[in-house]
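Reader: I would like to go through this model one item at a time. Please end each answer on the value or name I ask for.

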Amino acid sequence: MIQHGLQTPRDLDRQTVPPDGRPLAEQPKWRRDFPIDWAQDEYVSRRDLVKFICLTSVAFVAGQFWIAARSLLGRPGAAFPTVAVATVDELPVGGAKTFSYPDEESAPRLLVRTGERSFVAYDQQCTHLLCPIVPARRPDVSVAAAEGGLQLHCPCHNGWFDIETGQPIAGPPRRPLARVTLEVRGRTVYATGIEEAAT
Amino acid sequence: MPVPDQLEFFVDPGRCIGCQACVQACTECDTHKGQSMIQLDYVDRAHSTQTVPVVCMHCDAPTCAEVCPADAIKRTEDGVVQSARKPRCIACNNCVLACPFGIPKMHTEMHLMMKCDMCYDRTSVGLKPMCASVCPSQALAFGTREEMARLRPNARPVNTFQFGNQTIRTKVNLMVPADGAPDWVDVTAALFEPTIGHEVLEDVFDGDGFIDLLNDDPAEA
């Protein structure tokens with residue numbers, strides 16, 4: 001007769017004896033949840049599966065509502081300050097300058113002087129992998145020379161953005177740059193807000 | 001496929017000649033190729049050449065699995081405690097520290113605990129484990145209880161061990177003298193004995209030794 005506590009017929013699902021020797025029903029819940037027996041460990045009860053599926057679905061639904069609520073509530077509420085970022089004489093035509101907006105801790109923005117009294121400003125981070133963008137001329141395309149063919153270039157992966165709209169025109173980026181709205185009063189350029197451009 | 005019920009593992013340290021054949025054969029096992037899971041321990045190296053092959057005893061309540069925080073050590077339906085499951089093992093060493101027999105081996109470079117699994121690829125199809133198949137003195141033997149009773153009339157299998165206050169029942173049997181030896185083996189008794197001028201077997205098989213020590217003042221003992 002085998003001595004090590006196994007009775008025949010063998011209970012295939014219940015081989016291991018807990019240290020205190022009491023039956024499974026009297027064991028704490030964690031021991032039933034984390035069985036040592038291989039067969040029990042692999043076994044998933046219908047109730048556990050249903051519980052898992054329901055809770056996961058509820059979590060997804062709640063997440064969707066949270067995203068929707070955030071995008072509905074968050075957008076119009078933020079009032080942007082008006083901040084002087086440069087003077088007109090500071091930059092030559094085609095020149096650029098970085099600044100932080102709306103405050104000092106914000107992501108860097110890029111201000112470009114595109115004409116005598118025309119300025120544009122965008123997020124300085126490329127929408128592909130957040131490399132800093134710079135104003136540059138596309139060497140391979142003859143662009144109408146109104147602004148000297150100036151575009152926004154991300155040198156990391158050769159991405160290009162339209163300097164007038166911030167839309168991606170070449171390379172890996174797929175989303176447009178967020179635009180900083182500007183106002184020129186007298187000889188000073190003010191940033192007045194941020195426009196999340198529609199894709 | 002489970003290990004057949006009638007086939008059991010018997011360890012008889014008294015027959016061990018220290019040839020290391022089991023240690024070498026163990027590395028050939030396909031469940032842990034290249035890694036030997038057997039420890040060949042010297043009982044009292046300064047005074048004796050006696051060695052003890054230590055294989056996993058496959059406890060009914062495996063302490064290694066009890067202490068595993070990652071739920072990685074599992075016991076198959078035939079009572080064999082398997083190596084840690086690779087996706088779960090966090091290489092925390094709890095099992096190594098907790099095992100009363102010192103079986104689990106931590107392979108830090110693999111982030112995995114591996115242990116003797118009784119050559120599960122072989123025993124589950126009715127073959128002997130590697131170590132038992134090469135042991136020249138059959139200190140490690142794998143067979144039926146009747147076979148052992150016929151071949152070793154002066155010994156009997158015991159599978160109850162005392163480790164401090166913990167009583168351990170195992171799937172693997174230890175062969176003890178047929179007459180006189182108690183029904184259980186005190187695993188820690190030898191720890192509290194002086195190592196000079198005594199018989200090793202006295203410590204290990206003297207069942208009262210450890211309990212006396214627990215009850216008495218250790219300073220007297």
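Author: A term first: two strands count as paired if DSSP finds at least two bridges between them. The model discussed here is predicted.

Reader: How many bridges join strand β7 of chain B to β9(B)?

Author: Strand β7 of chain B covers residues 155-163 and runs parallel to β9(B). Pairing requires at least two bridges. Within this pair, B:Phe161 stands opposite B:Val185 of β9(B). The number of bridges joining β7 to β9(B) is 2.

Reader: Which element gives the most residues to the largest nonpolar core?

Author: That core holds 54 residues, and B:Val11, B:Cys131 and B:Leu140 touch the most other members. Elements of chain B that each supply at least two residues include β1 (8-11), α1 (21-26), α5 and β7. The top contributor, with 5 residues, is β8(B).

Reader: Which residues is B:Cys131 in contact with, leaving aside its neighbours within four places in sequence?

Author: Contact here means C-beta atoms within 7 Å. With sequence neighbours within four places left out, the partners of B:Cys131 are B:Cys22, B:Ala25, B:Cys26, B:Ile38, B:Pro53, B:Val55 and B:Leu140.

Reader: How many charged residues are on the side of chain B that touches chain A?

Author: The contact takes 16 residues from chain B and 16 residues from chain A. On the chain B side, α2 (63-67) and β8 (166-177) each supply at least two residues, and the largest share, 3 residues, comes from β8(B). By class, this side has 3 nonpolar and 4 polar residues, and the number of charged ones is 9.

Reader: Which element of chain B has the lowest mean pLDDT?

Author: Chain B has a mean pLDDT of 86, with 86% of its residues at 70 or more. Among its elements, helix α5 (residues 130-134) has the highest mean, 95. Where pLDDT is low, the predicted coordinates should not be read in detail. The lowest mean, 50, belongs to helix α8 (residues 208-215) of chain B.

Reader: What ipTM does the model score?

Author: Two scores are given for the model as a whole. The pTM is 0.58, and the ipTM is 0.74.

Note on methods. Residues numbered from 1 in each chain as written. Chains lettered and ligands numbered in written order. Predicted model: local features only at pLDDT ≥ 70, side-chain atom pairs only at ≥ 80, totals over all residues. Helix = DSSP H or I, 4+ residues; strand = E, 2+ residues; numbered from the N terminus. Contact = placed C-beta atoms within 7 Å. Nonpolar A, V, L, I, M, F, W, Y, C, P; charged D, E, K, R; others polar. pLDDT = per-residue confidence, 0-100. Core = buried A, V, L, I, M, F, W, Y, C linked by C-beta atoms within 7 Å. Buried ≥ 20, exposed ≤ 12 C-beta atoms within 10 Å, placed from the backbone.
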